[in-house]
Amino acid sequence: MSQPKPPRMPPRWFVRIAWAFHRAYYRVTGGRRGLWKPRPGKWGALKLTTIGRKSGTERVAILGYFEDGESLVTMAMNGWGEGDPAWWLNLQAHPDASVETTDGVVPVHGRAAEGEERERLWARWGEFGDDDVDAYANARSTETPVVVLEPR
């Protein structure tokens, strides 16, 4: 039996342009568009503001998420490319950050889920959308961190 083909991923330049467009769309609309709450079968979008690990300045990323009790859960997937995204490296260096959702701004503390918690939260990602998260994750050489943003 042959190995399944890894999913086709868009070129890195396309992913970076899409991220830049989403942030710009959010800014141009004054924050009225670009964020949404998760609902059954669909993840939401939030704005995460971290402190740069080298620069010490605020950095913004818009990320997909779902709710797990009071916590918000996302993945440090870097567009399914290799390496960790800058926002995750920043959050590891400075775990206290802020999150903006359609409900407002909340100060959070970020951490990686581990063990059974990671497995449970990873499985929940399979409920959101058509993509096979396991196939995308298997295309990476390292494990994709599941990040829990807990209210402070």
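Residues are numbered from 1 along each chain as its sequence is written. In this predicted model, local features need pLDDT of at least 70 and side-chain atom pairs count only at pLDDT 80 or more, while totals for chains, interfaces and linings use all residues; side-chain values use heavy atoms, without hydrogens and water.

Q: Which residues of helix α2 are called buried?
A: Trp-87, Trp-88, Asn-90 and Leu-91 are buried in α2, residues 86-93. Buried means under 20% relative accessible area, exposed over 50%, and partly exposed in between (1.4 Å probe, protein chains only). Helices (H or I, at least four residues) and strands (E, at least two) are DSSP runs, numbered from the N terminus.

Q: Why are the buried residues of α2 said to line one face of the helix?
A: Seen down the axis of α2, they fall within an arc of 160°, so they line one face. The arc is that of the directions from the helix axis to the C-beta atoms.

Q: What makes β4 and β5 a pair?
A: Two strands pair if DSSP finds at least two bridges between them. Six bridges join β4 to β5, which therefore meet this criterion, and the strands run antiparallel. Thr-101 has Gly-104 in β5 as its bridge partner, and a hairpin of two residues joins β4 to β5.

Q: What makes β1 and β4 a pair?
A: Three bridges join these strands, which run antiparallel. Thr-49 stands opposite Ser-98 in β4.

Q: In which order do the strands of the closed barrel run?
A: The six strands run β1-β2-β3-β6-β5-β4, with antiparallel pairing.
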